[in-house]
Amino acid sequence: MAPIALLNPATSVTTITGKVKKHVMRGKYSFGGGRSYRVGLPPLLILPSWRVQKVQCFGNWSRNDSKVIGDNRGSMVVKAASEGGAISLPKHWPLSKDPEEKLQDPVPRMKGSSRFFTVGLVASWYSSNIGVLLLNKYLLSNYGFKYPIFLTMCHMTACSLFSYVAIAWMKVVPLQTIRSRVQFFKISALSLIFCVSVVFGNVSLRYLPVSFNQAIGATTPFFTAVFAYLMTFKREAWLTYLTLVPVVTGVIIASGGEPSFHLFGFIICVAATAARALKSVLQGILLSSEGEKLNSMNLLLYMAPMAVVFLLPATLIMEENVVGITLALARDDSKIIWYLLFNSALAYFVNLTNFLVTKHTSALTLQVLGNAKGAVAVVVSILIFRNPVSVTGMMGYTLTVFGVILYSDAKKRTK
């Protein structure tokens, strides 16, 4: 993360680490760690009478903007970085511990992951996302394993096991507990909708090529805006709604020009996309209080086993004797077991890398990368599966992606 720097001429700096929470009052900022320090400011040309700034440490910074602090004799701009940043001061400025506080000196924070590590994370996220999508398509369509509910249950079982190992044993993120029965039922509702979205998405891959599946999936922002308005009466700026026109228009054009169009597959894929959007909106509503918020890894830890509970009876009823059929297939071709194991592990890796990329970049970066990922997945799938495409279909998909990019930019501007 970029440091929070007091914008004054200086070549070398001393860094006080911490997470800014709020602008307290004239000349005061709050940082993480519960420590108070006095920062002596040297005589400046524009601020000859400003000498001391008190920095009290606690809390978290959660915005990107700039603050102006000062009094009637002048002001000094403090440029704030995103969460986890630090404040940098010229090295020759005196820094002494506040006599009112008897706490240890703060430990300097590392600047962040190296560029190489971040690129590796993004590459892993791309590979796992596209890999699980293509492998699902191969199993459900080309290989002939026509059991999407059972396949989804395998994914959720792997996510349950790996989530527990990652959080309880490896401490990838701190464990967050469910605090009430109400919160448990809220997570259960999210898990059910999550199951529907994943199962429907897998079912659609039996009938539609990956390229068309991704084109329909790109309309998620449209459904998100619709559900947000219907359920929370939240209105976006008119420009934001305007950007949704090319999103929907592109899918309509792609549908008309899709050589492998299948009506049932199209309806199921639209339903899967709508369910993903509904889950996103409901998550913001149901887990909105500070005491109920869970990071994505902890949410997956609780949602995945609930999903298995929902999917098990559905599998037994709708895909009768699927376990026996799978074992019979394995006797003829043992590769099916390895396909299922690898595919299930990859499904968890998608969630893990999604969380890590967000953590080491930003949600906006993830959104931009996601738009590009869809285009890459389309190209790779066409090269692998050789499914026919038309110029009209590709023009429609391109228009949809362009609309999503405009939508993301409009949302960012209105915040």
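Reader: What volume does the largest cavity have?

Author: Rolling a probe the size of a water molecule over the atoms shows where empty space is left. On a 1 Å grid over the protein atoms alone, a cavity is a set of points where a 1.4 Å probe fits but cannot get out, while a pocket is an open set with protein on both sides within 12 Å along at least five of seven lines. The largest cavity here has a volume of about 80 Å³, a volume being the space filled by probe spheres set on grid points joined across faces, edges and corners. Please keep in mind that this is a predicted model, where local features need pLDDT of at least 70, side-chain atom pairs count only at pLDDT 80 or more, and totals for chains, interfaces and linings use all residues. Residues are numbered from 1 along each chain as its sequence is written, and side-chain values use heavy atoms, leaving out hydrogens and water.

Reader: Which residues line the largest cavity?

Author: Lining residues have an atom within 4 Å of a point. Here they are S211, F212, A215, A254, E258, V389, S390, G393, M394 and Y397. Two or more of these residues come from each of α4 and α13 (391-414); helices are DSSP runs of H or I with at least four residues, numbered from the N terminus.

Reader: How do I read the packing of α4 with α8?

Author: Two packed helices are described by the angle between their axes and the distance between the axes. Axes are lines fitted to C-alpha atoms over the stretch in contact, with angles running from 0 to 180 degrees between N-to-C directions. Helix α4 (residues 210-217) packs against α8 at about 40 degrees, with the axes 9 Å apart. The two helices are therefore oblique to each other, as angles under 35 degrees count as roughly parallel, over 145 as roughly antiparallel, 65 to 115 as roughly perpendicular and the rest as oblique. On the α4 side, F212, N213, I216 and G217 meet F266, C269, V270, T273 and R276 of α8, where contact means heavy atoms within 4.5 Å.

Reader: At what angle do α2 and α11 cross?

Author: At roughly 55 degrees, with the axes of α2 and helix α11 (residues 335-360) coming within 8 Å. That makes α2 oblique to α11.

Reader: Which element gives the largest share of the lining of the second largest pocket?

Author: That is α3, with 6 residues. This pocket holds about 280 Å³ of space, and of its 17 lining residues, I149, V199, F200, A314 and M318 are the closest to the centre.
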